[in-house]
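Subject: The structure I promised you

Hi there,

Once you have it on screen, read on for what turned up in it.

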Amino acid sequence: MADQIPLYPVRSAAAAAANRKRAAYYSASGPGPGADRHSRYQLEDESAHLDEMPLMMSEEGFENEESDYHTLPRARIMQRKRGLEWFVCDGWKFLCTSCCDWLINICQRKKELKARTVWLGCPEKCEEKHPRNSIKNQKYNVFTFIPGVLYEQFKFFLNLYFLVISCSQFVPALKIGYLYTYWAPLGFVLAVTMTREAIDEFRRFQRDKEVNSQLYSKLTVRGKVQVKSSDIQVGDLIIVEKNQRIPSDMVFLRTSEKAGSCFIRTDQLDGETDWKLKVAVSCTQRLPALGDLFSINAYVYAQKPQMDIHSFEGTFTREDSDPPIHESLSIENTLWASTIVASGTVIGVVIYTGKETRSVMNTSNPKNKVGLLDLELNRLTKALFLALVALSVVMVTLQGFVGPWYRNLFRFLLLFSYIIPISLRVNLDMGKAVYGWMMMKDENIPGTVVRTSTIPEELGRLVYLLTDKTGTLTQNEMIFKRLHLGTVSYGADTMDEIQSHVRDSYSQMQSQAGGNNTGSTPPRKAQSSAPKVRKSVSSRIHEAVKAIVLCHNVTPVYESRAGVTGETEFAEADQDFSDENRTYQASSPDEVALVQWTESVGLTLVSRDLTSMQLKTPSGQVLSFCILQLFPFTSESKRMGIIVRDESTAEITFYMKGADVAMSPIVQYNDWLEEECGNMAREGLRTLVVAKKALTEEQYQDFEIWMLTGDKLETATCIAKSSHLVSRTQDIHIFRQVTSRGEAHLELNAFRRKHDCALVISGDSLEVCLKYYEHEFVELACQCPAVVCCRCSPTQKAHIVTLLQQHTGRRTCAIGDGGNDVSMIQAADCGIGIEGKEGKQASLAADFSIRQFRHIGRLLMVHGRNSYKRSAALGQFVMHRGLIISTMQAVFSSVFYFASVPLYQGFLMVGYATVYTMFPVFSLVLDQDVKPEMAMLYPELYKDLTKVWASGRLSASRLALTPGILHE
């Protein structure tokens, strides 16, 4: 009944009708076979209705009077400060930034991206000039390094203040002490900063040079030549070997694989560890030899460069044939840059290079990260400066403004400048270096690398953790643990019994086949009409293993033999089909684990293509099966199926496997399935139900073919529960797929009524919500204890981080292990990279690098907390030290008739701020209030550091995310 309550006050008959239409959207269970999704939104003035009926962000909106209804804002956006207050606070910075951006856009106007025609092997025919195929991650060049680093330092008031004070000592009338008193600390800070930036910049240059210098084989009319990655041009024909990185975006023309397809690894592009099947252009794959690519007159028409890595539109045209051949191209015919060839050798024609490739367009430029503590100290420095000016004015006033009072005023500013001690930066920088050294030397988190030594305190002030799922929360490794057949169960210690049963079963079948070596119908088929009898345990085990080894989407991959050169590379590869040379690849690690287990018990998958698969029995016999239909797994159906024909017996069998909730209603009733699945789930095991059904030829012909395309919402939900991000008893709201503003409007209103509910949303729906209701969605999401976004592009991940920073003003941390996580890591206030199966790209781009996700707990709870508390205490101590010497100077000047002369001279002031008080001050870097074990045991100690008060109350829902993710 609650779902049918109108979400808005009824104002008129038209409004009531609109409410009924919207309420009907949620009373329906889902899009049925005959449902017309767009029929719910047939009103032409839909946008006008949505504008008049804004999203209610709280129940208070329903209590407004009718006269106030149309005045409700569409989004509660904070009003900007105007006038003098706005200009003093942030207006000047906003105006300067806008002017700089305008000048940069004038000087560096981006050319409009257009579709292009690329002739095979003829770069000179390109109509436009395309960017170089070079990778550049450097922030500066030779000319901009010094100005850039100095700007990054002096844009902060603290450093700019010290620069002005130091420069004032060149004026004789204002000189108080020796020049080194002011210039030595400032020079030390700048030297340390520039040295650190130079080292980081040199490392980035070396990494870029290594990638840009990789050699590839380029196919020309005269044969193959070696060319650097940075010298590749649009239109070149490039040969990429197995396990080699694809240097640019290409259209797939030929492969050494017999089937005309190959696998590529895309983990550095989209974060998915499963291999993707790519298909070569059939026209070029059929050519007899490589050299024939230059004997044809062909070109590729490609759409303009864009960020979407999951789509491509283009055509391949061969003009010298009669009639001309036109072949449409899609995403399966492309090879994107930064992916890896996993099988065979491929050749492609380059269509995009450099900054126009998909991988570069989805990568944001790195930013200079500044810790929140540094920003707070910068604001505190401004307040101390105002106090300094006030104290100097008081001294000049008490002096009576006699003589050149303005000169005395400036001298008092210099005398009291130790209120803002420059040694604060020195001490904090040294402390940060010590914190980083402690993190890297911690034996409990081996392999930790601190790549950004300026923000260790950020680890102790995090409010939002945004983590990648695949390979980060999970290691993407599955192991077959148990097989349950109803009356008998087999575990890890009894797998040898399964192996024995499989061996005996196939030996018996082989002996029966030898005894019945006649042209009669096979005995198994003759038994189909016989009365059903209870099968033996051996027979049931054999059928179960056979079902598991046939019902999947796994493909065995074999290494090619070395020494294959010349044009024979693109003939059928000479492959070694031995067991040691075989690896399995599938879209899910679960699938691989199942096939690896069947191999361990004696039934091995040895070959598979689009239409057939072959199995090898324990005795070495090869069984062939023809694939008639394949039904992929979807989140809606929660199951997959396959129909195969045994070529030796002509039997047709339908195998199906899936989640217990999806399979229980459709399998033969039994009294043990639900109970046993529950027992396994309580042990932390992922359960899978496998079933089979024999089909006659007539039944197969009448079989209804079903196929649904879905996303991975179910996978995301399962992992969220497994990682304890969401508790088993907590409600989860799965955001419906929305494609328009109206659907997003209704779904957000439905989600608003739920309380303490985790949110699961797909990338497509997220894009629609952020397009029309950015502020409302972020506000609702921040009220959730956890949010899971699945199927997100790299740009979307970075956009989510930026939205949280803009709408909440809180510190964010992004965690990932793949190249697709780099943008998110660089956009966050603190980025953590994990060295995993997906390479080191995320680790190299992160501020902190670790080897396992579980190390994050100690990194934040112990090192992050200690770094923040120690730096905060260190900053307070240094400032109090400066106040002491300034108070003494004020008393001295007051006693001697407000004279603007220094109390101490030369090295005494420098020594007091450095050497004399260094050890007592720096000892705070080693301070420890609780033991590391206690900090790990009580996460509340970390939560106390991240308390954020808004509207007079603690926003606990934001903080709940931290211990939720870290509970591993």
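**What was found**

The structure holds 0 disulfides (a disulfide being a pair of cysteine sulfur atoms within 2.5 Å). Please keep in mind that this is a predicted model, in which local features need pLDDT of at least 70 and side-chain atom pairs count only at pLDDT 80 or more, while totals for chains, interfaces and linings use all residues. Residues are numbered from 1 along each chain as its sequence is written, and side-chain values use heavy atoms, with hydrogens and water left out.

Buried here means under 20% relative accessible area, exposed means over 50%, and partly exposed is in between (1.4 Å probe, protein chains only).

**Core and surface**

The largest nonpolar core has 38 residues, and Phe162, Phe416, Ile420 and Leu874 have the most contacts inside it. Such a core is a set of buried Ala, Val, Leu, Ile, Met, Phe, Trp, Tyr and Cys residues joined through side-chain atoms within 4.5 Å. At least two of its residues come from each of H6, H7, helix H11 (372-399), helix H12 (405-415), helix H13 (423-441) and H29. H11 gives the largest share, 6 residues. Helices (H or I, at least four residues) and strands (E, at least two) are DSSP runs, numbered from the N terminus.

On the surface there is a nonpolar patch made of Tyr178, Tyr180, Ile884, Met888, Tyr904, Phe907, Leu908, Val915 and Tyr916, with about 910 Å² of accessible area together. Patches take residues with over 30% relative accessible area and no salt bridge; like charges are joined within 9 Å, and nonpolar side chains (Val, Leu, Ile, Met, Phe, Trp, Tyr) within 5 Å. The areas come from the Shrake-Rupley method with a 1.4 Å probe, and for residues only the protein chains shown count as cover. Helix H29 (855-895) and helix H30 (907-913) each supply at least two residues of the patch. Tyr178 sits in the loop between helix H6 (157-168) and helix H7 (180-212).

**Sheets**

Two strands pair if DSSP finds at least two bridges between them. Within it, strand S29 (residues 812-816) and strand S30 (residues 830-834) run parallel over 4 bridges, and Gly816 has Gly833 in S30 as its bridge partner.

Another open sheet has 3 strands in the order S7-S6-S12, with antiparallel pairing. Strands S7 (275-279) and S12 (340-341) are at the edges with a single partner strand each, so one side of each has no neighbour in the sheet. Strand S6 (residues 261-265) is joined to S7 by 5 bridges, and Arg265 stands opposite Trp275 in S7.

Strand S23 (residues 639-646) is mostly covered, with 6 of its 8 residues buried. S23 pairs antiparallel with strand S22 (residues 622-631) over 6 bridges and with strand S24 (residues 652-658) over 7 bridges. S23 and S24 form a hairpin with 5 residues between them, where Ala650 in the turn has a positive phi of about 65°.

**Salt bridges**

A search of the whole structure finds 19 salt bridges, each a side-chain nitrogen of Lys or Arg within 4 Å of a carboxyl oxygen of Asp or Glu. Among them is Lys369 with Asp847 (2.6 Å, N to O). Lys369 lies in the loop between helix H10 (358-361) and H11, and Asp847 in the loop between helix H28 (841-845) and strand S31 (848-850), so this pair ties together parts that are 478 residues apart in sequence. Lys369 is buried at 15%, and Asp847 is buried at 5%.

Arg204 and Glu201 also meet in a salt bridge (2.6 Å, N to O); both lie in helix H7, 3 residues apart, about one turn of the helix. There is also a network of salt bridges linking Glu458, Arg811 and Asp829.
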